[in-house]
Every structure is written in structure tokens, then in C-alpha cells.
Amino acid sequence: KMTQQMRDLQLAQARKPPGPSSPNAAKRLYRNLSGKFRVNYTSFDEGSLMGRGEKEKLRKSYLFQSNAALFEAVELQDLDRVQDMLKHYSPEELDLNTPNSEGLLPLDIAIMTNNAPIARALLQAGAKESPHFVSLESRSLHLCTLVREAEQRVNELMAQVVNEAPNADCSEKEKQLKAWEWRFRLYKRMKAGFEHARVPDAPSSVHLSVASSSSLQVTFWEPLSVNSAVVTKYKVEWSCSPTFSPLLGEAMIDKLKDLHFTIQGLVSGTAYHVRVSAYNMKGWGPPQASVPPCAIPSNWREYDGRAPRRRGQAEALDHLLSQVKTVHQHCICHEPCKNQPQSRKHSVSKSLKHLFHPGSKFLKTLKRGLYLTAIFYKDDNILVTHEDQIPVVEIDDTYSCLLMQDFLWLTKVSCMWDEILWLRQCVTVSQSSCSCILQTRFKMLLAISQMQGLLGIQDLGQVFFEPIKDKQGNILIVTLKEVKTNQTFESVRWVPVCKLQTSRKSVSSPEEPTALDTLLISIQDKLAYHQRSSHALSPGLYLGYLKLCSAVDQIRVLVPEQLPNILCHVKIRSNPNISREEWEWLQKMASVEDPVPAEPEADRSQNPLFQELQMAIKELITLVNIPLQEAKDFRLYSQEVLDFGDQVSFLLLLPPSDDVCTAPGQNNPYTPRSGFLTLPLQIFELGEER
């Protein structure tokens, strides 16, 4: 008999004992575990006499009990308990896919009692169906056996209770009788659930899109019907024939957290048909063909054979830099530093002690001049000197007006902090021309070297996009770096930002704060900017809005405050690829007089990109506060798709030609809402590269 064979197999494998036999036992066990199991095993009292072997036995005992508690929570249809256990314990700790003594898994019980919420929670955690159920007949036979044996056990216990006189043994038999009556009802409910179930309907929708020149993306949704059993897996099939004969390939999807699949290794230019089927304990349902019914792997670059813009750029720049270094390596200015290491090898914990050395050259107050400050932060704390000051060094005490070009040059230097020594030597050679600009930049490099030496850290982080100026003639350049390590540094003082702000005694008036006071007042905004500027977009195709404004010495670009390293944008779709057919359509739209895409009604439903793009344009122009009636004067940039890696791409929406860049003194015809700022174009480019 199958049930007896399964039990013998479990005993032979020395698996865990069966779980509690009643709902009350389950509740008691779960309450017991909720207190014990949420404590890490490392929290046991190390001073106790219990050996490691005994602790491991205790740990395994808790794991076995947790598995029994999960079974009981599923049997009781207690969704909250199931979700709580899946949240706190891993599938391995719960033995999620190990059958119990009846040959059942938690997922089997959930789907045969038709408890869809619990079944979905288990499936997302990686639960499987029992491998013993190889056919409908084997599942039916197993359920009939469980019901028959439970009914037989109930009858035996009932006879014993009726015939025996009241005593302690009789009371125990009554408890067993109640437990088996409850289990008998559970098995009958599972058997009825299986008998009344039917195969699932086809998935409610299957969307097919082109992911690259060799892959297609399939996205599908659950069947709409609620009368069939819970779907436990899906099958994706593809073929070059609409009849799916011959079949080129298929894939099983049993991880149901995200219902999508990418078909890889396809031939570019070949049309593929795709369909998806759903499976439950009664078998496979009918397939659902994709929309569109077929797709051709391709990429927009195939339209004119264009190579990726950034291909080989990083390698070329590295090669160019190495050539420059080779030319300068025999220069006499490098002789004194031949024996100096290229980078300081001090550990951060040791070198940061310089912050507290009485002889450090950090400044407490600012006089009229140009200064550099480095802000290192971790969570809500920042690093300060032994006098509770933010590290500041002097660049030039006679410099009263920072030229924008010098500042932008320094931002580029921030991309090669490790090369400061080499840059200093090169600038020293060039100083023979007595150029004012070179002298200023040499002093900047000296200040950077001083800051690196005092901190013992090469990487000073990212330069904030604008220096801080005050009416006393001080200019403060700020760098920001987040310290993500959990290491505790010896003799280093991390101070909460709020405490530093309240404890500092200002030496200026509120009407005319010094640059240091302004920094402390706005430091949280600067930290927030730095964190947001390192955020990345989720994969997808985006519509960006390019808006520039020019000044005498710079061009600035409009960006959102929440993501200042990216243009103002909205997401078009999750698939970043533009296919060759879509790009041909965009080129066709660019050739007509209407700048914004327009199509006959009959063609709109046939072109998903048109609908996606139309919705994105409306959302974007609303976001940047452009009147809808003005959209007819805007146009899509049709020269290329901007690719940022393999997962993010951009189409650009451009204002009318005369309004792309607002000239000095010219009024901006479209004033964006709050939540935007303008960055110098070079700063934006560096931020995007990071």
C-alpha cells in the first residue's frame, strides 16, 4: 500500500516525528516557538555547561518543531502564522520540501484544501508539490487511503471510549479520538477538494516583447477563473510555426514571484510564436497564445548598423592616460618621488588618528580665501577632528573669486584621487609659464594632498555641485563620501549631525552667516543630495526631458531633486530594448510635420509603443509643468536611443529648437514645479558616469 510504503520510507530515512495531532496542540507549539525561535542560536548562554553537541541537538529539535508548527498552521488555514514563519525562517530551517509521515508537503495540503492565499505564500517561498504524486491516480489512491485509515482509527477509538470505564486512560483516549476526528475531517476535505478540482484555464494574458537581437521577453498573468485549483507552475513554449509543430523549445516556470521569462539564444530576424500554459494538481490547462502572436528578435541599431556609442571608450581613455604617463615618467620632477608609493597603504583606522593629533593643520575658522572641506558620514553621524570641527584645509588665502572653470576642473580631478601626486608633479613642470590658472590649480592639488595626508584616505568622495560662498569673501569647496563599513575605528569620534549643529557656536550673525555656518545649516540637504545622486534606475525604457539654460561661464541642465544624476524622466515600460520595427516607426514619425507622434485610429491598437509613448509624453509634460496644448511644438530626438548599460535606455523629448537652451536674460517659457534643480553640465556628466 502506498501510504504504508511512504511511512516505511520515512522511518528508514530517520526523518522527524509527526507533528501535533490537534489544533490546540498546534497553537501551543506555535506559541512556544514564537518565543524561542526568534532568538539567534548564538544568543545561548556561553557560560552554561551545555556542550556544543547538545546545543546542536537542541537547535535541530527547534527546527523539527518549527516544521511541525508550519504543517499545523497550514492545516488550520492560518495565513498570518504561515506568513510569519516564512518571514522569520528560511526554507531550509522549516524543511519546507520534506514530506511528513503521511507523505504530504505543506503545499499539498494548501492546494488540496483550495487555500489559494497560503498556497501562493508557500510557492513564493520555494515550496514544491510532493514528488510521490506522479499521476492523478496515485494522488487519488493516496487520499482515499488516508481517509479510510483515519476513519478506521476513529471507529477503533470510539469503541474503546464507549466500552471502557471512566479513568485516566479513558480521558487520554478521548483526546486522541477528538484529534483523529479532526484529522478525518481534514482528509475528507482534501479528498473532496481534489475530486471537485479541474484543470486550470489558460493564463489571462500573455505579452510578448523583443528583449534584444537574440532574445524575447514573455510576461503572463494568472488565469482569471477562481473555480479551479491553485496553479503551481507554468510552461512557456516557442516555435517558428503558428501550429507549434515542430516545437523549438519549452521552459517550466515554478518560481511564481514574478511571472515572466526571457527566451535566450534566438536567431535575429526570425519570427517566433510563443504560448503559455498553466498547471495544477489536475494537470495542464489549455495554452494561451501571446499578444502579438509572434515577434522578431532585433535591436534598433540593426536599422543602420550603428555600433554602440560607448564601445571601447573606457579602454581608449585608459590607454591614453597610460601614454601620457609614459611621456612624463622620465621627467626630472619625478625623481624625488620615485621611492614614494603610489598610494598610501595606511589602514583607515590608524591614519584617521591624524584627526586628533595636536599638530594637524585643520582650520577652525575661515579668513578671506579659498578652502577645501571633506565630509565623511555614516548613517546620521559625521567625522570630526579632535576639536569637533569638520576637516577644513586652506587652498589659497588670497583667492577671493573662484572661477567656474577652476571649480569644474577640480570636479574632474575627483575622478582620479589616486593620481594627485602625479598631477602635482606635472603641474609643477608647467608652472614655468607663471599662469595664474595653473598656480591656482597647483594649490588645489596641494590642498588635496594635505587633506589626504591628514586623513590617511585617498578617496575624498564626490565634489558637491556648487561651492559655498559668504559675504566675508570665503569660498568653501565641499567633498562628500559615505563610509559604509561597520568597522569601529580606534580613537575616532563620530558625532551625530544634529549634535554638531546645536553645539557649534556661530561667530557670525544670522543675516550674514560664514561659509562654515552655512555648511552646517545645510549639511543634511547636502548629505541627502549625495545619497540620491548615487541611486540607479530600475531596468526599463524611459522618456527623458532635455532642458538647458546658459550663463556667461557655464551651461546648466534641469534635473529632478530626487535623482539628480538623471534627466527629468518618466518610465515608458520595463523592457529597455527598442526593436528594429519600433525604431523604423519612430523614424517614420520623425519625418512627418507633426513633432509628437500621431497615427490613424486603426493603427494605434497594433502598435503598443505608440500607446506607451503617448501616455509617457502626457505624464512627463505634466511633471515639468508644460501646458498640454504646447506639446505639439515638442519633438522626439530620433538620432539614437541613449543606452546606459544593458538594462536602462532613454528616448529624449526636446522643446522647440529655440527653447532647448535658455540664453542669459531670456525668460524660461516653461517654469517647472518645485522638486527640480539645475546642475552645471559637467557636474551632471560626471554624476551620470558614476
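Two strands are said to pair if DSSP finds at least two bridges between them, and strands themselves (E, at least two residues) are DSSP runs, numbered from the N terminus, as are helices (H or I, at least four residues). The model shown is predicted, so that local features need pLDDT of at least 70 and side-chain atom pairs count only at pLDDT 80 or more, while totals for chains, interfaces and linings use all residues. Residues are numbered from 1 along each chain as its sequence is written, and side-chain values use heavy atoms, with hydrogens and water left out.

**View 1. An open sheet of 4 strands, in the order S23-S17-S18-S24.** The pairing in this sheet is mixed. Strand S23 (661-662) and strand S24 (676-680) stand at the edges, and because each has a single partner strand, one side of each is left without a neighbour in the sheet.

**View 2. The pairing of S17 with S23.** These two strands run in the parallel sense over 2 bridges, and Leu 548 has Cys 661 in S23 as its bridge partner.

**View 3. Leu 546 in the loop between strand S16 (540-545) and strand S17 (548-550).** Leu 546 is partly exposed because its relative accessibility is 22% (buried means under 20%, exposed over 50%, partly exposed in between, with a 1.4 Å probe and protein chains only). Leaving aside residues up to four places away in sequence, Leu 546 has contacts (heavy atoms within 4.5 Å) with residues including Val 557, Leu 567 and Pro 655.

**View 4. Residues 1-7, where pLDDT stays under 50.** For pLDDT, the predictor's confidence in each residue from 0 to 100, the mean over the protein is 80.
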